Amino acid sequence: MVIAVSDRVIQRRLLTDQCKCIPTTVCSLLNNGFATIPTLMMAGFAGEISSIPEKAELWKDPAALTVLVISGFVGMGVGYFGMETQRDVSATSFFVLQNASKVGVVFLGIIIFGDSIKSAGANIGLLMSLVGSSVYGHAANQLKAQEALEKQKLVKDTLKATA
């Protein structure tokens, strides 16, 4: 969790401060390009790379290639719009948005693919994520409303003072 939070906070700072003039497309390419290095290392440690010749026939299946290409485009879109979103919202809001999307993916898996969640821990985790996102969203909305009221009061006080 510490690594994930640090990563998001650093990305947010870079996207809004030091690197704000870099186009989002370049940021997405850099982010995904550097991510391939540890991914390939993990695949090597897990023995996935050595099994490539055995599974070469699977890569020739048109259905598998189609799904792979579609998945790649969806992944690029998620990465690009994720960077754009991160430029505009706080790191905390981005975490809540990310968690909400993951919960949505889990629910779609359950509804469409019939995935089962028999673990009590998984059910509690999903519930905690939904409740936490809702509570944060409610608190953020209340804070915005309070700030708007304070601004209105300040404007009224300023108008009274100048009148």
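Reader: In what order do the elements of the protein chain run from the N terminus on, and how many helices and strands does its secondary structure come to?

Author: From the N terminus on, the elements of the protein chain run α-α-α-α-α, and its secondary structure comes to 5 helices and 0 strands, where helices (H or I, at least four residues) and strands (E, at least two) are DSSP runs numbered from the N terminus. This is a predicted model, in which local features need pLDDT of at least 70 and side-chain atom pairs count only at pLDDT 80 or more, while totals for chains, interfaces and linings use all residues. Residues are numbered from 1 along each chain as its sequence is written, and side-chain values use heavy atoms, with hydrogens and water left out.

Reader: What makes S28 count as buried, and which residues is it in contact with beyond its neighbours within four places in sequence?

Author: Buried means under 20% relative accessible area (exposed is over 50%, partly exposed in between, with a 1.4 Å probe and protein chains only), and S28 is buried because its value is 9%. S28 lies in helix α2, where T24, C27 and A43 are buried as well. Leaving aside those neighbours in sequence, S28 is in contact (heavy atoms within 4.5 Å) with G79, Y80 and M83. What covers the buried residues of α2 includes α1 and α3, and of the 163 residues of the protein chain, 13% count as buried.

Reader: How do you know that the reach of α2 is close to what is expected?

Author: The expected span of a helix is 1.5 Å times one less than its number of residues, and α2, with 22 residues, reaches 32 Å from its first C-alpha to its last, close to the 32 Å expected. Just after α2, G47 takes a positive phi of about 80 degrees.

Reader: What lies around the largest pocket, and how do its lining residues divide by class?

Author: A pocket is an open set of points on a 1 Å grid, where a 1.4 Å probe fits, with protein on both sides within 12 Å along at least five of seven lines, and lining residues have an atom within 4 Å of a point. The largest pocket is lined by 16 residues, of which R8, V78, G79, G82 and F94 lie nearest its centre, and α3 gives the largest share, 9 residues. The lining divides into 5 nonpolar, 10 polar and 1 charged, with Gly among the polar ones and Asp, Glu, Lys and Arg as charged.

Reader: Which element gives the most to the lining of the second largest pocket?

Author: That is α2, with 4 residues. The lining, which includes C27 and M83, has 8 nonpolar, 2 polar and no charged residues.
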